[in-house]
Amino acid sequence: MDTPKSTKNITRRDFFKLAGAGIALTAVNKVALAALPEIVTAEKANTQAPLHPDNGRPYNPVVTLNGWSLPWRMRNGVKEFHLVAEPVIREMAPGMKAHLWGYNGQSPGPTIEVVEGDRVRIFVTNRLPEKTSVHWHGQRVPNGMDGVSGLTQPAIPPGKTYVYEFEAKRAGTFMYHPHADEMTQMAMGLMGSWVTHPKNPKFMQVDRDFIFLLNAYDIEPGSYTPKTNTMLDFNLWTFNSRVFPGIDPLVVNKNDKVRIRVGNLTMTNHPIHLHGHEFQVTGTDGGWVPPSARWPEVTTDIAVGQMRAIEFVADELGDWAFHCHKSHHTMNAMGHDVPNMIGVKQHDLVKKVGDLLPDYMAMGETGMAEMSEMASMMEMPLPENTLPMMTGTGQYGAIDMGGMLTTLKVREGLAKNDYQDPGPYQHPKGTVAYEYVGEVPAVTRPPATDEQSAVEVQVRKPSGHSGH
Ligand SMILES: [Cu+2]
């Protein structure tokens, strides 16, 4: 049995040591005779350095956005991992924590990295209050290892440990998630990424290789636990259970060949869009796309249950937005179910209603940004543990976004393993959009009709509710 003693908590510094100095092997030797591999957990939600393999076949490790890779032990030629399904506290962005279910201390769980042809054994301990199982999405496994509770195995009861064992047959990008009370368990954040690296490390080699999952939560402002019966109307759209500005940037060197692997375990599709570069989709969870079948894109739609690997050469310096193109998915809680009040004079109204209902929020007279700024200036109180709807500030002011947004930061001269945020891009003089200060000619248009002059823009969503 595992005891608190055998649980190693990884801090960022420990992990650098572990990854850099081969401490993983020592730690593993201590328990080499134990029946179960040591349980390694992560406490923090920041991006960890890549886990370079110190045994087994060589590969080029991935970097999990706001996540980490799970160390293993090698036992008689088998790579052994230990996953623990358990309640976790996930910081979604500074100022907001969610009570989720995850693996080994975080949601999503750690990324599992193996090499094509590896024999893999995964111990799964269930510390949830209900049964679970793990499905290895996209992989070729013996049917009884497919993790569909009831269909291919009995569910893992609370407190029990089950063993999955198979050969990692096909290189590619996969996901793992429960196939038991899925609606609840996935809405609670129980999922993780899996990479099977090619046998030949030179095959489709890139300089920087990122991975993350798209997930979504419905957490009412002021609360901590997701509503798990929500079908579509989620209010927190996340990259690896983080929302902007809590999502780390993707930091790359100029001219790096970059791969970003994105899996979708939400309940809707996400058109993922990159600024400043074109990319090609080079892989899906079904395998690598032959070069002759690829075409250039700047947005790729990722449907539910799909994974896409995109590749490009990062040859343009700057801070490039990388986000879901559904505008509601770059908003945090509080941004939904708000009536459109553009054109409505309401400052007195807000104050009067606010005296009666302290949580009252309305859309601004000129748009949502106004409301976001008012809220961020603390003129409007937010419930506790609640993020502003649109948030994040860049070097030029408010970014007015939340949710599924981060930046690709292209810089020169980064060290090989340097993924730290380099700060805002210093634009060369004369390359930033600027104000025109000369005379602007008056607009000439025909006189307004009576109807036009009578219309004041007052739009409301029909029901104030977009759910089903
Ligand atoms: Cu989206």
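**Exercise 1. Find how strand 17 and strand 21 run relative to each other, parallel or antiparallel, and how many bridges join them.**

Solution. This is a predicted model.
- Step 1: Strand 17 covers residues 270–274 and is joined to strand 21 by 4 bridges.
- Step 2: The two strands run antiparallel.
- Step 3: Take one facing pair. Histidine 270 stands opposite isoleucine 302 in strand 21.

**Exercise 2. Classify proline 198 as buried, partly exposed or exposed, and describe its surroundings.**

Solution. 
- Step 1: Locate the residue. Proline 198 sits in the loop between strand 12 (192–197) and strand 13 (208–217).
- Step 2: Count neighbours. Proline 198 has 18 C-beta neighbours inside 10 Å. Buried needs 20 or more, exposed 12 or fewer. Proline 198 is therefore partly exposed.
- Step 3: List contacts beyond four places in sequence. For proline 198 they are Glu116, Ala171, Phe203 and Met204.
- Step 4: Check a C-alpha distance. Arginine 170, 28 residues away along the chain, lies 8.0 Å from proline 198.

**Exercise 3. Identify the residues with the most contacts inside the largest nonpolar core.**

Solution. 
- Step 1: This core has 85 residues.
- Step 2: Leu83, Ala85, Met175, Phe210, Leu236 and Leu250 have the most contacts inside it.
- Step 3: Follow alanine 85. Its contacts beyond four places in sequence include Trp101, Val124 and Leu190.

Definitions and conventions:
Residues numbered from 1 in each chain as written. Predicted model: local features only at pLDDT ≥ 70, side-chain atom pairs only at ≥ 80, totals over all residues. Contact = placed C-beta atoms within 7 Å. Core = buried A, V, L, I, M, F, W, Y, C linked by C-beta atoms within 7 Å. Pairing = 2+ DSSP bridges.
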